[in-house]
Amino acid sequence: MPVKNRFAELHDEITAWRRDLHEHPEILFDTVRTAKVVADKLRAFGCDEVVEGIGRTGVVGVIKGKSTSSGKVIGLRADMDALPIHEQTGLDYASKTAGAMHACGHDGHTAMLLGAAQYLSETRNFDGTVVVIFQPAEEGGGGGREMCADGMMEKFGIQEVYGMHNWPGHDIGTFAIRPGPFFAAADLVEIEIEGRGGHAAKPHETIDSTVVASHIVLGLQSIASRNADPVEQLVVSITSFETSSKAFNVIPQRVTMKGTVRTLSPAIRDLAEKRISEICDGIAAAYGAKATVNYKRNYPVMINSDDQTEFAAEVARAVSGQCEEAPLVMGGEDFAFMLEERPGAYILVGNGDSADVHNPEYNFNDDAIPVGCSWWAEIAERRMPAA
Ligand SMILES: [Zn+2]
Ligand SMILES: [Zn+2]
């Protein structure tokens with residue numbers, strides 16, 4: 001079965017929705033306009049229930065099948081937020097908001113799930129209930145975590161959840177997925193080194209926080225190379241390094257560093273957190289400085305359930321004739337919180353030869369719309385077949 005005919009008919013209309021969302025990007029939880037567009041459309045489609053304000057600016061729509069006697073309830077989730085990037089695509093529907101851009105294709109994800117919601121509301125050719133989930137703040141803000149914390153899974157009786165992301169550099173109409181750990185846990189670390197500032201010409205009278213912090217940056221690189229089992233995946237990146245001095249001739253009192261840690265297993269995550277503390281404390285002590293480490297566990301590892309992954313791949317093959325094994329991704333994904341609460345699967349769909357996500361020249365490829373919409377609709381219809 002190729003893409004559904006109805007999505008070929010709706011392609012232009014869904015493309016127009018996508019481009020409107022693209023013109024009006026909103027960051028993190030500020031997806032107020034986007035949420036309103038989504039909620040208004042879901043009501044116009046005739047969803048049985050539309051609830052706004054879940055996880056602050058999240059929206060949920062409920063679509064009951066012709067029959068609900070199976071008792072099954074499936075959650076389909078898209079993300080709505082954009083990124084703080086200044087768009088450089090030159091498109092005639094480019095962002096109208098300076099410094100904000102749909103550079104991760106969440107405009108496409110939202111439009112495709114809306115398309116599927118319209119079709120499922122029209123046809124209702126399934127035995128059970130579909131819950132369409134539109135979340136804010138995927139890009140680091142934990143909008144998925146907030147929706148779960150608001151009791152979304154229990155409130156709507158969701159039993160399993162599915163998610164999808166576009167995948168630049170892969171042909172339109174292709175899918176990729178993998179069972180088990182898929183996207184990495186993404187943690188944040190902040191390190192402050194307190195030394196003793198002074199005159200740059202009298203270093204012997206200071207404790208140079210810059211020198212101490214520099215040793216720490218190098219020392220932290222030994223966690224992945226010397227402490228973690230080399231067959232495990234671990235990234236430790238220090239991405240920000242700021243001294244408290246702006247002058248040429250002042251040794252700074254303080255250095256503040258920020259970074260991120262990416263892991264795919266709980267044991268390696270624990271190890272990284274422990275070793276960062278030990279290395280910071282040990283090196284600081286060796287130089288007479290003081291280290292303060294603030295380690296914040298943000299997104300957990302996103303783990304695809306075996307059964308739902310197999311099913312999602314089967315649906316992908318039905319829609320496109322193929323589904324390959326996806327590589328591990330060291331990026332984080334907020335859908336991990338939903339997969340911690342319910343079994344489910346997350347799949348990648350080809351975005352063609354586009355710039356990579358988070359690049360100012362990236363654009364979601366509208367040719368992927370019928371493929372993505374068909375996958376969503378088939379997930380519902382095949383998982384909860386009508387009698
Ligand atoms: Zn992103
Ligand atoms: Zn994304």
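The second largest pocket here has a volume of about 160 Å³. This is a predicted model, where local features need pLDDT of at least 70, side-chain atom pairs count only at pLDDT 80 or more, and totals for chains, interfaces and linings use all residues. Residues are numbered from 1 along each chain as its sequence is written, chains are lettered from A and ligands numbered from 1 in the order in which they are written, and side-chain values use heavy atoms, with hydrogens and water left out.

**The second largest pocket**
- A pocket is an open set of points on a 1 Å grid over the protein atoms alone, where a 1.4 Å probe fits and protein lies on both sides within 12 Å along at least five of seven lines; lining residues have an atom within 4 Å of a point.
- Its volume is the space filled by probe spheres set on the points, with grid points joined across faces, edges and corners.
- The lining has 15 residues, and P266, P300, V301, I303 and E340 sit closest to the centre.
- Two or more lining residues come from each of α7, β14 (302-304) and α9 (335-341); helices (H or I, at least four residues) and strands (E, at least two) are DSSP runs, numbered from the N terminus.
- Sorted by class, this lining has 9 nonpolar, 2 polar and 4 charged residues.
- Ala, Val, Leu, Ile, Met, Phe, Trp, Tyr, Cys and Pro count as nonpolar, Asp, Glu, Lys and Arg as charged, and the others, Gly among them, as polar.

**The largest pocket**
- Here the volume is about 550 Å³.
- Its lining has 24 residues, with E139, F183, G331, G332 and H358 nearest the centre.
- β5 gives the most to this lining, with 3 residues.
- Domain 1 and domain 2 both give residues to the lining, so the largest pocket lies between them.

**The two domains**
- The chain is assigned domain 1 (5-182 + 301-383) and domain 2 (185-299), with bounds from an automatic or database domain assignment.
- Their C-alpha centres lie 37 Å apart.
- Where they meet, 18 residues of domain 1 are in contact (heavy atoms within 4.5 Å) with 11 residues of domain 2.

**A look at R269**
- You'll find R269 in helix α7 (residues 266-287).
- R269 is buried, with a relative accessible area of 11%; buried means under 20%, exposed over 50%, and partly exposed in between (1.4 Å probe, protein chains only).
- Beyond its neighbours within four places in sequence, R269 has contacts that include A185, D187, T263 and Y295.
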